[in-house]
Amino acid sequence: MKGAGDSRAPEPPSHVQPPPTTDDAGFLALNDKISRERGFGCASYKEKCLRRRIAVRMRARGVHSYGDYARLLDQDAGEYEKLLDALTINVTKLFRNWETYEAVSRLVVPPLWSLPEQSIRVWSAGCSSGEEPYSMAALFLSHAESVGQGAKASRVSVLGTDIDRASLEAARRGSYEQGAFADTPEELRRRFFTPGWPATVVPQLRSLVSFERRDLLAEPPPPGGHHLVVCRNVVIYFDRPTQEALFERFHAALLPGGYLVLGKVETLLGRARTLFAPVDSRERIFRRL
Ligand SMILES: C[S@@+](CC[C@H](N)C(=O)[O-])C[C@H]1O[C@@H](n2cnc3c(N)ncnc32)[C@H](O)[C@@H]1O
């Protein structure tokens, strides 16, 4: 689990400058190579962010041109993994930005729990090492228990998806070090995790959550229609046209009246603004029209 305990994705320090921008052809060729060979669609990510993250790896390896770095990737599979690790920014925490979870537990969970249908489907898109989907599932389980319906909690299923296989492996293990709990209220930690470190998700909560590798840019949303889509701290890394397309995709993934949670960092752009009604403008919670 990379970076647990930080509240935001850390940018490389400012002295880590990208190599000279005159080598645009080299940069584009490197992007093409990464997209072609590893299926990481560089073209949809913000260029500045990509350049800074590639620069970190180039400096770490003492390489001064994009061309030399591309040759190094051909010779060193370990470096390729480190680069992809740097590009997929996996920073997260359990109950990250508690205020968002508090708003979801108040404004989203009770109306969804009251729905007559048997199953409640939640999608955490860009779930990293699983902290977000487990936290969402814990809100539903807590609510079910608070209304005396804990035995019915299995009607909730939370699917966490991410492009990064290593993060998904950590997510499936569901064991977290202390830093991952910095935003977690003590009573939730005690109720849903084993004592000691690392603390592991208790089986009842684990059984509500599943994981799947899915590239948000290249693959359609999981099928079935969702009552709640949570996508936080992911779309900021994409360029604007990609962000707009993704919001429309989330709309299509939701059932009518379903909720979209973006959290504080991101907001709806473009045509998508006409497709949702605000529920909580501060925590960027919306309802599908
Ligand atoms: C900063 S983490 C956000 C984790 C969590 N949502 C949160 O807010 O704490 C961003 C995640 O987006 C994932 N990601 C980046 N590009 C993606 C893509 N094209 N498809 C799916 N996931 C992607 C990364 O692998 C990373 O795990």
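**View 1. Residue classes in the lining of the largest cavity.** The lining divides into five nonpolar, no polar and four charged residues (Ala, Val, Leu, Ile, Met, Phe, Trp, Tyr, Cys and Pro are nonpolar; Asp, Glu, Lys and Arg charged; the others, Gly among them, polar). This is a predicted model: local features need pLDDT of at least 70, side-chain atom pairs need 80 or more, and totals for chains, interfaces and linings use all residues. Residues are numbered from 1 along each chain as its sequence is written, and side-chain values use heavy atoms, without hydrogens and water. The structure holds one cavity of 30 Å³ or more (points on a 1 Å grid over the protein atoms alone where a 1.4 Å probe fits but cannot get out; lining residues have an atom within 4 Å of a point). Its volume is about 30 Å³ (the space filled by probe spheres set on points joined across faces, edges and corners). Trp-123, Leu-216, Pro-220, Pro-221 and Leu-246 are among the lining residues. Arg-214, Asp-215, Glu-219 and Arg-249 also line this cavity.

View 2. Seven strands form an open sheet in the order E5-E2-E1-E6-E7-E9-E8 (strands are DSSP E runs of at least two residues, helices H or I runs of at least four, numbered from the N terminus). Its pairing is mixed (a pair needs at least two DSSP bridges). Strands E5 (209-213) and E8 (276-280) stand at the edges. Each has a single partner strand, so one side of each lacks a neighbour in the sheet. From one strand to the next, the twist averages 20 degrees (axes are lines fitted to C-alpha atoms, for helices over the stretch in contact; angles run from 0 to 180 degrees between N-to-C directions).

View 3. E7 (residues 254-261) and E9 (residues 285-288) pair in the antiparallel sense over three bridges. Tyr-259 has Arg-287 in E9 as its bridge partner. Helix H7 (residues 131-146) packs on the sheet and touches E1 (120-125), E2 (156-162), E5 and E6 (226-230) (contact: heavy atoms within 4.5 Å). The direction of H7 makes about 155 degrees with that of E5. Helix H11 (residues 240-253) also packs on the sheet, touching E1, E6, E7, E8 and E9. Its direction makes about 135 degrees with that of E7.

**View 4. The hairpin of E8 and E9.** E8 and E9 run antiparallel, joined by four bridges. Pro-278 stands opposite Phe-286 in E9. Four residues lie between the two strands of this hairpin. In the turn, Arg-284 has a positive phi of about 50 degrees.

**View 5. H1 crossing H4.** The axes of H1 (residues 24-38) and H4 (residues 77-87) come within 13 Å and cross at roughly 100 degrees. H1 is therefore roughly perpendicular to H4 (the class for 65 to 115 degrees; under 35 is roughly parallel, over 145 roughly antiparallel, the rest oblique). From H1, Lys-33, Ile-34, Glu-37 and Arg-38 take part. They meet Tyr-80, Glu-81, Leu-83, Leu-84 and Leu-87 in H4. The contact has five nonpolar, no polar and four charged residues.

**View 6. H1 crossing H2.** The axes of H1 and H2 (residues 47-60) come within 12 Å and cross at roughly 90 degrees. The two helices are therefore roughly perpendicular. H1 brings Asp-24, Phe-27, Leu-30 and Asn-31 to the contact. H2 brings Glu-47, Leu-50, Arg-51 and Ile-54. The classes are four nonpolar, one polar and three charged.

**View 7. H3 against H4.** H3 (residues 66-75) and H4 pack at about 115 degrees, with their axes 5 Å apart. Tyr-69, Leu-72, Leu-73 and Gln-75 in H3 meet Ala-77, Glu-79, Tyr-80 and Leu-83 in H4. Six nonpolar residues, one polar and one charged make up this contact.

**View 8. Backbone details in two loops.** Most residues other than glycine have a negative phi, and most peptide bonds are trans. Phe-95 is not a glycine, yet has a positive phi of about 50 degrees. Phe-95 is found in the loop between H4 and H5 (98-107). The peptide bond from Trp-197 to Pro-198 is cis, with omega near -5 degrees. Pro-198 is found in the loop between H9 (186-192) and E4 (199-200).

Methods. On a 1 Å grid over the protein atoms alone, a cavity is a set of points where a 1.4 Å probe fits but cannot get out, and a pocket is an open set with protein on both sides within 12 Å along at least five of seven lines; lining residues have an atom within 4 Å of a point.
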